[in-house]
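Q: I have a model open beside its sequence and would like to learn how to read it, feature by feature. Where shall we begin?

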Amino acid sequence: MPTKENLFRRSQMPRKISHNLSSRRPLVLALKNAIRRFAPMIARRNRWQTPVLETTRLVLRQINPTDFDDVRAWFPGASDAAANAQAHLDYFAREYREHVIGPWGMQFKKAGVLVGNCGFPDLSLRNRWGEVNYFVAPQLRGQGLAPEALIEILRFGFWGLGLVRIQARCELNNVSSERVMQKVGMKSEGLVDRSQPLEGAVPKQKLYAMLAKDFDLTYGQQIRPHYLPLISASS
């Protein structure tokens, strides 16, 4: 992800500025050149925000502290549901501060209830690849919500961010998560080391991936073909 840049550097300015037009001209030209140079960068920075995306049944949008009750419902019957909900909200807030794009909350259009989340836990615009994840509340699984949201995230990644490869991981015994990746057309690439070591967990995970050209072949005629890139890969 792009880091905050110091766009404006201090320059040595003369202590006195003459009111003579000819002597002011270099200063005016320098100011114009600075505007031309930095305006595109500022415009790109203003676009670094989580966009609202939509599917047939879902609105994918930023998760806010006011979603606490919905997030707590993701842990039905758990004695620490409130603590888990707050931990998730703190994580989401940190991601927005540090990475800006995503994660997205999955909200039912009609009921207005937040039923899960998805996003890019790892993203490199320079190398044009990303890794996606997704989560649906246990009581709402089996309705095809994860594949529906994932297709939209893939679309945004390939067509909006200009990525050429998007991957996803799952635990070795997580059959339902693996089926989601298979349903959207991602291909198995075998086992890989766990991205972050976890005490007591199996050190390997299943890796799936999809290339932009394969996404185009599968969904190019099904999804709005006029979707324009939001952020260039060179940003």
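A: Let's begin with a helix contact: Ile 151, Leu 154, Arg 155, Phe 158 and Trp 159 in H4 meet Ala 212, Phe 215, Asp 216 and Tyr 219 in H6. Contact means heavy atoms within 4.5 Å, and helices (H or I, at least four residues) and strands (E, at least two) are DSSP runs, numbered from the N terminus. This is a predicted model, in which local features need pLDDT of at least 70 and side-chain atom pairs count only at pLDDT 80 or more, while totals for chains, interfaces and linings use all residues. Residues are numbered from 1 along each chain as its sequence is written, and side-chain values use heavy atoms, with hydrogens and water left out.

Q: Why do residues a few places apart on a helix point the same way?
A: An α-helix has 3.6 residues a turn, so residues three or four places apart point the same way. In this model, the H4 side of the contact includes Ile 151, Leu 154 and Phe 158.

Q: At what angle do H4 and H6 pack?
A: Axes are lines fitted to C-alpha atoms, for helices over the stretch in contact, and angles run from 0 to 180 degrees between N-to-C directions. For H4 and H6 the angle is about 125 degrees, and the axes are 10 Å apart. That makes H4 oblique to H6; angles under 35 degrees count as roughly parallel, over 145 as roughly antiparallel, 65 to 115 as roughly perpendicular and the rest as oblique. The crossing of H4 and H6 is left-handed, a term for a near helix turned anticlockwise from the far one by less than a right angle (right-handed if clockwise).

Q: How many of the residues of H4 are buried?
A: Buried means under 20% relative accessible area, exposed over 50%, and partly exposed in between (1.4 Å probe, protein chains only). H4 is mostly covered, with 15 of its 16 residues buried. Across the 235 residues of the protein, 37% count as buried.

Q: How is a pair of aromatic rings described?
A: By the distance of the centres and the angle of the planes. Rings of Phe, Tyr and Trp (its six-membered ring) pair if their centres lie within 6.5 Å; planes under 30 degrees apart count as stacked, over 60 as edge-to-face and the rest as tilted. By this rule the count comes to eight aromatic pairs. One of them is edge-to-face: Trp 74 and Phe 92, at 6.5 Å centre to centre with 70 degrees between the planes. This pair links distant parts of the chain, 18 residues apart, with Trp 74 in the loop between helix H2 (68–72) and helix H3 (81–98) and Phe 92 in helix H3. Trp 74 counts as buried at 2% relative accessibility, and Phe 92 is buried with a relative accessible area of 2%.

Q: How far apart are the ring centres of Phe 158 and Phe 215?
A: Their centres are 5.3 Å apart and their planes stand at 40 degrees, so the pair is tilted. Phe 158 belongs to helix H4 (residues 145–160) and Phe 215 to helix H6 (residues 212–219), so this pair too links distant parts of the chain, 57 residues apart. Phe 158 counts as buried at 5% relative accessibility, and Phe 215 is buried at 0%.

Q: Which residues form one aromatic cluster?
A: Trp 74, Tyr 91, Phe 92 and Phe 135 do.
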